[in-house]
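Open the model in your viewer and get ready to select as you read.

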Amino acid sequence: RINIHHRTGTFTEVGPTGTRVNKIVGDDVTIVEKNGKILINGKADIVVKGTCTINVESNCKLTVDGDLDTTVHGDYNLNVGGGIYMNSGDIFSQKSSAIRQEAYLDNYNVFANKSAYIQAQKENIHLYSTTGFISAYSSTDLKIETGANTYFYSGGQFNVFSSANVAIEGTRVDLNTEDAVD
């Protein structure tokens with residue numbers, strides 16, 4: 001056994017099996033003038049009982065050959081000066097009590113190679129445009145279907161254009177009448 005002990009309680013001890021224990025009573029500073037590497041062939045745990053700051057003054061890469069789980073018991077803030085690019089080889093899932101995404105300088109685009117769905121389980125779906133218009137386009141059919149009433153309200157003219165026939169079908173069709181359904 002090798003033991004280097006300071007009167008304050010700081011010590012380094014190497015046991016008979018090669019196990020080393022370092023205890024630092026005061027501050028600890030490690031300076032490496034050139035390259036450094038830490039290799040642990042077994043499990044590793046890092047516990048910091050105070051605030052922790054990691055500052056990388058160049059690029060940083062984190063590679064995990066298995067799964068990565070991150071748990072934050074408070075708020076999680078991610079600030080990026082450039083772009084954020086996320087790629088997933090499988091599903092990308094977000095779950096929260098509420099989700100708000102905002103594009104405050106440019107467009108917000110949603111693209112799906114197949115179908116795109118927006119579903120509200122209990123309440124309504126609202127589309128708002130405060131200064132522009134809302135446009136729906138399909139290169140094939142456009143279908144609006146409801147299990148109850150359908151309402152179109154216009155603060156100005158209401159125009160219907162078709163390059164082919166227009167068919168309106170219903171049990172009763174009211175045009176320009178006070179008996180119309182509210």
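A residue is called exposed when its relative accessible area is over 50%, and buried when that area is under 20%. Keep in mind that this is a predicted model.

**Stop 1: two Phe residues.** Select Phe152 and Phe158. Are they buried or exposed? Both are exposed. Leave them marked; we will return to them.

**Stop 2: the whole chain.** Zoom out. The C-alpha trace spans about 100 × 30 × 30 Å along its principal axes. The radius of gyration of the chain is 32 Å, whereas a compact globule of 182 residues would have one near 16 Å. Buried residues make up 2% of the 182 residues. Of the contacts between residues at least 6 apart in sequence, 4% join residues at least 24 apart.

**Stop 3: cartoon view.** Look for three strands and zero helices. From the N terminus, the order is β-β-β.

**Stop 4: surface and charges.** Show the surface. Now colour the charges: 15 are positive and 21 negative, and their mean positions lie 17 Å apart.

**Stop 5: the rings.** How many aromatic pairs are there? The count is two. Select Tyr151 and Tyr153: this pair is stacked, with 5.9 Å centre to centre and 5° between the planes. Tyr151 is partly exposed because its relative accessibility is 42%. Tyr153 has 69%, so it counts as exposed. Go back to Phe152 and Phe158: their pair is tilted, at 6.0 Å centre to centre and 45° between the planes.

Definitions and conventions. Residues numbered from 1 in each chain as written. Predicted model: local features only at pLDDT ≥ 70, side-chain atom pairs only at ≥ 80, totals over all residues. Heavy atoms only, no water. Helix = DSSP H or I, 4+ residues; strand = E, 2+ residues; numbered from the N terminus. Rg over C-alpha atoms; globule rule 2.2 N^0.38 Å. Buried < 20%, exposed > 50% of the residue type's maximum accessible area, 1.4 Å probe, protein only. Contact = heavy atoms within 4.5 Å. Lys, Arg positive; Asp, Glu negative; His and termini not counted. Charge placed at Lys NZ, Arg CZ, Asp CG, Glu CD. Phe/Tyr/Trp six-rings, centres within 6.5 Å; stacked < 30°, edge-to-face > 60°.
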